[in-house]
Amino acid sequence: MRNRQLIIVVFVLLAVVVGLVAINQSGLRQDTEVEFSALVKLVEQQQVQTLTIRGTEVLATLTDGRQVTTTGPGSSDYFSEFYAKNGLTPNYEAPANSKWAETAFEFAVLIAIVGMFTMFMRQLAAGNGRAMSFGKARARLNGEQGKKVTFGDVAGADEAKQELEEVIQFLKDPGKFTRLGGRIPKGVLLMGGPGTGKTLLARAVAGEAGVPFFSISGSEFVEMFVGVGASRVRDLFEQAKKNSPCIVFIDEIDAVGRSRSGGGGGGGQDEREQTLNQLLVEMDGFDSAEGVILVAATNRPDVLDPALLRPGRFDRRVVVASPDVRGRTGILEVHARRVPLADDVDLARLARGCVGFSGADLENLVNEAALLAARHNKREVEQLDLESARDKVAMGAERRSLVVSDDQKRHSAYHEAGHAIVARMLPESDPVNKISIVPRARTLGVTQFSPADETSNQTLTKLQSLIVIFMGGRAAEEIVFSTFDTGASDDLKRATRVAQSMVCELGMSEALGPVVLGEREEHSFLGRDLSRRTQDYSEATAQRIDEEVKRLLTDGYARARQILTDNLHVLHKVAQTLIERETLDGVEFERLMGTFKPATDLGPE
């Protein structure tokens, strides 16, 4: 790259030098050109001081300092006598070819232009710009070099690994499956949220099978030039066939595989559709017996084109879900191999407090804990470091520098104590894991819960309890201070969403019955969530929905007030302890609660 640039600079400098020489030698002087007869008159009038003759070119210097030039028979015998008669002795010089410099200059410029154009084209063809190779796929080939990823490096996705075992066995021994007439899946689609380990699973499949691994992002197919994406798809599959058996991994395939039913928009839309069409054709064209397995990943399977998901293309769909408590423990153990752990570390207990964390979140947690321990010059990572890192990943860094008044601190303490006590006294509520009034990135306090049973199904009692728990913070502030602030806005929003879901989606309203009212349309624009519920019911029904949602919220608030009023001395005790210590764990909270038993119903007293 630098050599090419140096050659171009040399060509340019050469052209400049030749041009300067040509300018100096080509007689581009500020001389006045006159007729030969005019020069003869000047000689007769004794106005010529010196005379230089170069063949037919005559250069005269006048008495006033001016220089004139002309072309004529100045060197003949007649004019020699004429000059002598008028007192002039001409200076005869060999005639110079005045055209050579101009010719050399033009030739040098031509060479420089041709040279620069040639080097520029070579640079585009072979350099980093790749302007002449837009149609080449930019897939990265990861073979046996580098760190090999296997299923031992993957935890928390046991079901997904089982689904991918057949792919590995086929790549190792394809005859085992084809001898009975079976057809191995051509494509495997990994579906899951961000950070759940889809890319890691694909690399582990390639590592277990010991085959080349081509990786490319869906957005790398589409360029500003029409037809480039389709050409790159063709080139990708050609490379894969030459290196078979192998795995081709396309990350974020929704960038190129979005549904075409949205209508033609022209421009980039047409280019994306051409790329998708070529991908569909290539998946139909290659035979699974060739040993090429296409693995793709997406966190938006709902937007993919149906033609891409039909059997014969992506035959197998593997859901990579967020890990449960056992999976989170396994992921923490995998990432904790590279850090020294203290004897007090209990990864299983830590995993129970990481509900909703993805594999990437857990890796970040271990890394943050190691950095925190190093910041305090520790030789090992302790349980306290891991828990602090968990809070940082979940809620942001502590804002110790934030000035919080004593009054605001008391409000936060009673608010969080209200959440915790109400949750402790309700049936089917999760146990309290931690209470803190330390300001963090997004909040001035938090009450964390540790679900004892991570299930996707929620009972009516559990959802009613959630509404009451959300109302506990505001109810505590109103009871103690006879007022409340804006700190409960997020609680009210979450409680309202639960109530609306119970009424409109889950059929848990006695007034409206087991019916789904309205469909939620989820979409975003410029990063903003613009999801809304379509109204496919009458205005009278809409009014009943509003009344039922309001009833659930007011009943929940009344129940929270009743619980806290009946246990006011406990509220004061927990809040005062929070003001003094700022943070309480679940064991300390249970000790403050004593022997209080949960309520058995949720109705307001």
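Trainee: The chain holds 20 helices and 18 strands. What makes a run a helix or a strand?

Mentor: Both are DSSP runs, numbered from the N terminus: helices are H or I runs of at least four residues, and strands are E runs of at least two. Bear in mind that this is a predicted model, where local features need pLDDT of at least 70, side-chain atom pairs count only at pLDDT 80 or more, and totals for chains, interfaces and linings use all residues. Residues are numbered from 1 along each chain as its sequence is written, and side-chain values use heavy atoms, leaving out hydrogens and water.

Trainee: Why is strand 9 called largely enclosed?

Mentor: Buried means under 20% relative accessible area (exposed is over 50%, partly exposed lies in between; 1.4 Å probe, protein chains only). Five of the six residues of strand 9 (246-251) are buried, so the rest of the structure largely encloses that strand. For the chain as a whole, 42% of the 605 residues count as buried.

Trainee: How do you know which strands pair with strand 9?

Mentor: Two strands pair if DSSP finds at least two bridges between them. Strand 8 (213-217) and strand 9 share five bridges in the parallel sense, and strand 9 and strand 10 (292-298) also pair in parallel over five bridges.

Trainee: What makes strand 1 and strand 5 edge strands?

Mentor: They belong to an open sheet of five strands, ordered 1-4-3-2-5 with mixed pairing. Strand 1 (32-33) and strand 5 (91-92) each have a single partner strand, so one side of each has no neighbour in the sheet. Strand 1 meets strand 4 (67-71) over two bridges, in the parallel sense, and T32 stands opposite V68.

Trainee: And what makes the sheet 13-12-18 antiparallel?

Mentor: The pairing in this open sheet of three strands is antiparallel. For instance, strand 12 and strand 13 run antiparallel and are joined by four bridges, one of which links V432 to F449.

Trainee: Why are helix 15 and helix 20 called roughly perpendicular?

Mentor: Axes are lines fitted to C-alpha atoms, for helices over the stretch in contact, with angles from 0 to 180 degrees between N-to-C directions. Angles under 35 degrees count as roughly parallel, over 145 as roughly antiparallel, 65 to 115 as roughly perpendicular, and the rest as oblique. Helix 15 and helix 20 pack at about 75 degrees, their axes 12 Å apart. That makes helix 15 roughly perpendicular to helix 20.

Trainee: How do you know which residues of helix 15 and helix 20 meet?

Mentor: Contact means heavy atoms within 4.5 Å. A420, I421 and R424 in helix 15 meet F589, E590 and M593 in helix 20. Leaving aside neighbours within four places in sequence, F589 is in contact with A420, I421, R424, V432, I435 and V574.

Trainee: What makes a group of residues a nonpolar core?

Mentor: A nonpolar core is a set of buried Ala, Val, Leu, Ile, Met, Phe, Trp, Tyr and Cys residues joined through side-chain atoms within 4.5 Å. The largest one here has 49 residues, of which I421, V422, I467, I545, V574 and F589 touch the most other members. Helix 15 (406-424), strand 12 (432-436) and helix 20 (586-593) are among the elements that each supply at least two residues of this core. Apart from it lies another core, of 28 residues, including A160, I168, F170 and F213.
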